Amino acid sequence: MTNTKFQSILLLNKQAKLWLQTALVAVLVGLPTACFAQPNRARVVIQSQSVVNAQESNRTFADVQALVNLGPRVAGTPVMEKASAYLIEEYRKAGYVTEVQTFTYPKFQDLGSNLTVDGTTVEGKALNGTIPGKLNAPLVVVPNVGRKADFAAVNVKGAVAIVRRGEIRFSEKAKNASAAGAVGLVIVNNQVGDVYGTLGEEVKIPVLALSGKEGNPLIQRVQSVPLNVNLNVNAQRRVVTGRNIIAHLAGVTAPKIILGGHYDSVPGSPGANDNASGTAVVLAVARNLSSTPTARQAWFIAFDAEEDGLHGSRAFVNKAQSQFLSGLKAMINFDMVGVNDQLGIGGTSSLTKFARNLDPQVKIFGSFGGSDHAPFANKGVPVMFFYRGQEPNYHTPNDKNVDLKLLNETTQVAQNIVKQIVNAN
């Protein structure tokens, strides 16, 4: 499979290019008609269309920047009200009616968690889904990344296990630690900075994440000197209100397809790629289709609280009537589509095969979990998941940039697939 290489696009360069392009067309159009032969008039029309396309592309990038400029979009905070207001206004401008679907859920909150070694306290992050706990126990290094076989190689019974991040989910590491008899788990980031993440499900032991800067020296130290540690995971849950933004053309009550992506981010991260990118692509597709018959078969949804455990998409499917869900040909989810050259598509096999036939260059993978398509799949709705994979800025304060060309590529591939799905028998 051939990878298409793209260079990163800087906003200032793009704006400058767009300004020059627009200015040139304005001059050409303003000249008297007699100054042009027929072929030149055709070139003006073609260039005018290219400017329109550039303007649409720039709007997609502007959507990402507008969301990023709000700061971290954490579910249940005032920032999300601003983010939802922005999306509502943009969908309204594109000709859609919107509704805000609210829902409540118990939200995880870290009140200050740490690890104390020989009187020195190291600040950490309680992973969403952990139980709280304070305990004193030996610290035991687990080799590799914490698979079952890795835990079988050491004795962690009654101990706090420490393991490196990578390759398998946090929740799998935690469940393996609990099954091996560990009373707590410390996960060390595979990057220098902090870990901002979620377990995705509740586990039976307290779980703390450490930065690579703090955690790696600790791993090296405990491999040569036995250590006892005080683990303090200070976490709680509080009830918050989430806000799903649903957009569709007036009168469309039984769509054949839903396009969605979450617009919240994790604490501390402005979430450009995760997931202002997916949110902006859904909005771009909605704009491009608004005057076509396809739009009368579609709903567009910005889901809230994905980062806290897919709460927005779960609330949507739980409130939906069974006949509404059974009438859907597909739910297409967009998550992290602004970084990494290779576009991947996962989901229901019939839909991924359909996508491969339309665009042989896309990478097909089989994942059903981890994002907002999963609750739909659990209800029997065919799903498709657009995703470009993890990258170094994932769930960090540095998630500030996306590549405009990748957003545009995702938008175009998605539009083609949506049209084909809606029109298929």
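Me: In which loop does Asn 340 lie?
Reply: The model is predicted, so local features need pLDDT of at least 70 and side-chain atom pairs count only at pLDDT 80 or more, while totals for chains, interfaces and linings use all residues. Residues are numbered from 1 along each chain as its sequence is written, and side-chain values use heavy atoms, with hydrogens and water left out. Helices (H or I, at least four residues) and strands (E, at least two) are DSSP runs, numbered from the N terminus. On that numbering, Asn 340 lies in the loop between strand 12 (330-334) and strand 13.

Me: What is phi of Asn 340?
Reply: Most residues other than glycine have a negative phi. Asn 340 is a residue other than glycine with a positive value, and its phi is near 85°.

Me: Is Asn 144 buried or exposed?
Reply: Asn 144 also has a positive phi, of about 60°, although it is not a glycine. Asn 144 lies in the loop between strand 4 (133-141) and helix 4 (148-152). Buried means under 20% relative accessible area, exposed over 50% and partly exposed in between, with a 1.4 Å probe and protein chains only. At 55% relative accessibility, Asn 144 is exposed.

Me: Which residues does the cis peptide bond join, with omega about 5°?
Reply: Most peptide bonds are trans. With omega about 5°, the bond joins Asp 274 and Asn 275.

Me: Which strands stand at the edges of the sheet, each with a single partner strand?
Reply: Two strands pair if DSSP finds at least two bridges between them. Eight strands form an open sheet of mixed pairing, in the order 1-9-11-10-12-15-13-14. One side of each edge strand is left without a neighbour in the sheet because each has a single partner; these are strand 1 (97-110) and strand 14 (363-364).

Me: What is the distance between the closest N and O atoms of Glu 90 and Arg 287?
Reply: A salt bridge is a side-chain nitrogen of Lys or Arg within 4 Å of a carboxyl oxygen of Asp or Glu. Glu 90 lies in helix 3 and Arg 287 in helix 7, so the pair ties together parts that are 197 residues apart in sequence. Glu 90 is buried at 9% relative accessibility, and Arg 287 is buried at 8%. Their closest N and O atoms are 2.9 Å apart.

Me: Where does the partner of Asp 118 lie?
Reply: Asp 118 forms a salt bridge with Arg 221, the closest N and O atoms being 2.3 Å apart. Asp 118 is exposed at 54% relative accessibility, whereas Arg 221 is partly exposed at 37%. Asp 118 lies in the loop between strand 2 (113-117) and strand 3 (120-126), and Arg 221 in helix 6 (residues 212-222).
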